[in-house]
Amino acid sequence: MIEVLAKLGRGPVFLAGEVLECVITFTNPLSASSTSASSEMLAWASAQIHCQFHASENRVVLPPSDGSKHDVQAENETVFIPNRGERGQCILSTPPKILFCDLRLDPGESKSYSYCETLPVDGPPSFRGQSVKYVYKLTIGCQRVNSPIKLLRVPFRVLVLHGLKDYQFPQDEAVAPSNPFLEEEEGLKKDSRLADLATELLMVATSRRSLHLYNISNTRGKVGTFCIFKTVYKIGEDVIGTFSFSEGDIPCLQFSVSLQTEESIQEEFQRRRGQPVSFTTHARHQESCLHTAQSSFSLPIPLSSTPGFTTNIVSLKWRLHFEFVTSGESVGTCLVRGSQSEAVTWTGVEQMEVDTFSWDLPIKVLPTNPILASYVSQFSSTNSITI
């Protein structure tokens with residue numbers, strides 16, 4: 001028996017273009033209750049990254065796949081197919097890398113191998129929507145002699161920052177400060193610079209603030225104004241906005257604000273022409289606001305959510321969806337006097353005419369630092385199997 005342990009040292013979330021590093025340890029465990037222990041042999045082990053595309057057959061017409069050949073290999077064949085047994089299509093994969101050939105482990109012995117691969121910058125982000133899914137996995141395959149192939153799959157999340165792949169790092173770094181006592185591989189240096197650049201680009205894009213004022217009105221007149229200071233956010237941030245109803249002509253009884261994503265399938269891949277768009281609500285605020293001069297809301301963008309993106313099949317956009325309930329009567333008739341005595345009480349009317357209308361405000365949501373997103377990831381940094 002051999003235990004195979006794969007560990008992502010930095011966490012299970014990465015930016016496209018970063019280097020994924022995984023340490024894979026093979027161990028022949030020495031059991032205290034075992035009376036006889038023997039050496040174990042493995043013929044080979046290999047690793048490869050791939051992205052699986054899943055689609056709802058009721059909503060999406062799958063495009064033809066060049067590499068989707070039916071898996072008819074026998075269990076004991078030595079062909080390494082990382083997506084063997086997986087649903088959907090493999091739309092992206094890196095070249096396989098051999099970890100070792102003919103490994104022998106004595107009882108209690110273990111050996112570790114480091115797998116490094118740059119994540120493709122032209123792939124889609126990880127996404128689990130109502131119509132399509134993009135799932136990234138690192139698959140490690142190993143085999144004993146004359147035994148079936150065993151696969152260890154390590155799922156991870158990929159965030160895509162558009163524009164990052166077009167940046168060209170300077171070739172001449174002679175003037176850059178360096179420490180001669182530290183050895184650093186060129187790939188890790190570039191990876192570190194890529195993460196720093198992404199953090200800087202995100203900070204610049206999401207820190208710009210300017211006042212955006214919107215008049216809220218229906219067919220009968222002005223209801224109020226809405227104020228927001230920015231429309232570009234990172235996942236993990238809060239969307240904050242304020243309302244002012246003091247200058248409105250039409251009384252607002254209630255409002256709600258929903259933070260939503262809009263998942264739409266490109267027309268050529270739609271199962272039915274003109275099929276409706278799918279909406280997902282991530283946060284919602286509702287408030288009664290009759291005789292309220294000002295109000296505000298704060299909606300958190302989940303760290304586990306997917307930033308906006310577009311592929312040849314699906315498009316994901318973010319928006320704020322507003323719903324307003326306004327009175328069909330003037331403000332003065334919304335209250336009735338309870339009695340004519342000295343102690344005056346005002347009570348709400350039992351019935352009144354109302355109007356409802358909605359409004360959508362598009363916003364832009366970008367990725368965040370992948371280390372921060374790793375804290376709430378559903379994926380584990382460590383995965384294992386026994387063969």
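Predicted model: local features only at pLDDT ≥ 70, side-chain atom pairs only at ≥ 80, totals over all residues.
Colleague: Why is the pair F226 and F322 called edge-to-face?
Modeller: The ring centres of F226 and F322 are 5.0 Å apart and the planes stand at 65°, so the pair is edge-to-face. F226 sits in strand β12 (residues 221-228) and F322 in strand β19 (residues 314-327), so the pair ties together parts that are 96 residues apart in sequence. Strands here are DSSP runs (E, at least two residues), helices are runs of H or I with at least four, and both are numbered from the N terminus.

Colleague: Are F226 and F322 buried or exposed, and how do you know?
Modeller: Buried means under 20% relative accessible area, exposed over 50%, and partly exposed in between (1.4 Å probe, protein chains only). F226 has 0%, so F226 is buried. F322 is buried too, with a relative accessible area of 0%.

Colleague: Why is the pair F243 and F297 called tilted?
Modeller: For F243 and F297 the centres are 6.0 Å apart and the planes are at 40°, so that pair is tilted. F243 belongs to strand β14 (residues 238-244) and F297 to strand β17 (residues 294-300), so parts 54 residues apart in sequence are tied together. Both F243 and F297 are buried. Ring pairs link these residues into a cluster whose members include Y214, F226, F243, F297, F322 and W359.

Colleague: What makes K97 count as a charge over the ring of Y115?
Modeller: The rule wants NZ of Lys or CZ of Arg within 6 Å of the ring centre and within 35 degrees of the ring normal. The charged end of K97 sits over the Y115 ring, 5.8 Å from its centre.

Colleague: How do you know that there are zero disulfides?
Modeller: A search of the whole structure turns up zero, where a disulfide is a pair of cysteine sulfur atoms within 2.5 Å. Take C22: its closest cysteine sulfur, in C116, is 9.3 Å away, so that is too far for a bond.

Colleague: What makes β3 a partner of β1 and of β7?
Modeller: Two strands pair if DSSP finds at least two bridges between them. Strand β1 (residues 3-8) and strand β3 (residues 19-27) run antiparallel with six bridges, and V4 has F26 as its bridge partner in β3. Between β3 and strand β7 (residues 110-118) there are nine bridges, again antiparallel. There, E21 stands opposite C116 in β7.

Colleague: Why is V19 called buried?
Modeller: V19, found in strand β3, has 17% relative accessibility, so it counts as buried. Its C-alpha is 6.1 Å from that of L119, 100 residues away along the chain.

Colleague: What ground rules lie behind these values?
Modeller: Residues are numbered from 1 along each chain as its sequence is written. Local features need pLDDT of at least 70 and side-chain atom pairs count only at pLDDT 80 or more, while totals for chains, interfaces and linings use all residues, and side-chain values use heavy atoms, leaving out hydrogens and water.

Key:
Phe/Tyr/Trp six-rings, centres within 6.5 Å; stacked < 30°, edge-to-face > 60°.
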